[in-house]
Amino acid sequence: VTKCGLLRHRPAGGGGGAFWVDSQQKRYVPVKGDHVIGIVTAKTGDLFKVDVGGSELASLSYLAFEGATKRNRPNVQVGDLIYGQFLVANKDMEPELVCIDSSGRASGMGVIGQDGFLFKVTLGLIRKLLAPKCEIIEELSQLYPFELVLGMNGRIWVKAKTVQQTLIIVNILEACEYMTAEQRKQALAKVSGN
Amino acid sequence: FMQRSLDSQTKKQLEEEEKKIISEEHWYLDLPDLKEKESFIIEERSFMPCEDLLYGRMSFKGFNPEIERLMVQMNSKSKKEEVEVDDKMEADVSDEEMARRYETLVGTIGKKFLKKRDQRVLQDEDEDENSNTRPSKAKKMFLKPQD
């Protein structure tokens, strides 16, 4: 597999050093351990089929939620949004999602609540937003209270108090891929002035 | 006469011959063992360890307090300074209330484990505001039958 992009290097920190290729792409390839947002498309017996934006639908067992037993089924319907991580993800097998971490707690995973807005961006933007000190996120958080879920598959879910605020955040996030820092600050100033 | 043992002997000989033939047929490298250089390179497909990415769920300005707590937890796994902050988090119930609750709690749960006699005694004590110690003592102590 060949990839084009910038080669990045992190010198030896806690572990050894790391090299990776920083490329831009929209298509997501499931990777084990990645947290993603998925849409439930089908409910077959004990299994949910979840669309994560990859080449295949991922499967999600109904027991993979916190506090779920055979009698106590999780409340998941077709069309729900799920935030989970990949248990198995290689090119030979169908990927599997779970909404529970290795110690058995949910830690924020599971069905994402009602309302809110889901949209798709490139994977590079997600990585930028998830970087330890992200200016975009810091500036947005100064505006008004809102909630944000970022999936490594390029999907972002936003929820704010009013529909207008939600849409403003969505537009800023989508546009800040191609804006410079100054343009972004101008846009935010306009918004906060309103 | 001696046929079985002969057979076993010939069998053994045959086995030995076979082993010799097999071991000669085995290919082996005369080269010295190459050291495994690849133990230092680990292939990782995910981006998470590369750039130290944060947790994906975030909430700002108190929109979702549970997620804000999670954010502190998750992000403190990388920075251990924040673990101290968690200890000072405001408790839902203040310390005084907890002490008061415990006082009453000990009493109520203690009653559960009392024997029947003591339970009745307690009831009588609760009924009479001025607890008379005499009847309780009388019940506990053994009364000698009067002649």
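Between chain A and chain B, 8 residue pairs are in polar contact, with both residues at pLDDT 80 or more. This is a predicted model, so read everything below with that in mind. The two chains also share 1 salt bridge, and together they bury about 2600 Å². Here's a tour, starting where the chains meet and then moving into each chain.

**Where the chains meet**

- Of the area buried between the two chains, 62% is on carbon and sulfur atoms.

**A strand pairing across the chains**

- Strand β1 of chain B (residues 57–60) pairs with β10(A) over 4 bridges, in the antiparallel sense.
- Within that pairing, Glu147(A) has Ser59(B) as its bridge partner.
- Glu147(A) also forms a salt bridge with Arg57(B), with the closest N and O atoms 3.6 Å apart.

**Chain A as a whole**

- Chain A has 4 helices and 11 strands.
- It has 194 residues, and buried ones make up 46% of them.
- Looking at contacts in chain A with a separation of 6 or more, 60% are between residues 24 or more positions apart.

**Strands of chain A**

- β4 (residues 47–51) and β5 of chain A run antiparallel and are joined by 5 bridges; one of the pairs is Val50(A) with Ala58(A).
- The hairpin of β4(A) and β5(A) has 5 residues between its strands, and Gly53(A) takes a positive phi near 85° there.
- β5(A) is also joined to β7 (residues 96–98) of chain A, this time in parallel, by 2 bridges.
- In that pairing, Leu60(A) has Leu97(A) as its bridge partner.

**Two buried residues to look up**

- Gln85(A) sits in strand β6 (residues 81–88) of chain A and is buried, with a relative accessible area of 15%.
- Leaving out residues up to four places away in sequence, Gln85(A) touches several others, including Asp34(A), His35(A), Glu96(A), Leu97(A) and Met109(A).
- Ala68(A) is in the loop between β5 (57–61) and β6 of chain A, and this residue is buried too, at 17% relative accessible area.
- Beyond its neighbours within four places in sequence, Ala68(A) is in contact with Tyr62(A), Leu63(A) and Pro74(A).

**Helix α2 of chain A**

- The buried residues in α2(A) are Ile136(A), Ile137(A), Glu139(A), Leu140(A), Ser141(A) and Leu143(A).
- Their cover includes α1, β10, α3 (163–175) and α4 (181–193) of chain A, together with β1 of chain B.
- Glu139(A) is also part of a network of salt bridges with Glu135(A) and Arg184(A).

**Salt bridges**

- Over all chains, the count comes to 6 salt bridges.
- Glu94(A) and Lys49(A) form one of them, with the closest N and O atoms 2.5 Å apart.
- Glu94(A) lies in the loop between β6 and β7 of chain A and Lys49(A) in strand β4, so this pair ties together parts 45 residues apart in sequence.
- Glu94(A) counts as partly exposed, at 32% relative accessibility.
- Asp51(A) and Arg155(A) meet in a salt bridge as well, at 3.2 Å from N to O.
- That pair links strand β4 of chain A with strand β11 of chain A, 104 residues apart.
- Asp51(A) counts as partly exposed at 23% relative accessibility, whereas Arg155(A) counts as buried at 8%.

**Chain B as a whole**

- Chain B has 7 helices and 1 strand, in the order α-α-β-α-α-α-α-α along the sequence.
- Of its 147 residues, 14% count as buried.

How values were computed: Residues numbered from 1 in each chain as written. Chains lettered and ligands numbered in written order. Predicted model: local features only at pLDDT ≥ 70, side-chain atom pairs only at ≥ 80, totals over all residues. Heavy atoms only, no water. Buried area = accessible area lost by both parts, 1.4 Å probe. Salt bridge = Lys/Arg side-chain N within 4 Å of Asp/Glu carboxyl O. Polar contact = N/O pair within 3.5 Å; in protein donor to acceptor, adjacent residues only side chain to side chain. Pairing = 2+ DSSP bridges. Buried < 20%, exposed > 50% of the residue type's maximum accessible area, 1.4 Å probe, protein only. Contact = heavy atoms within 4.5 Å.
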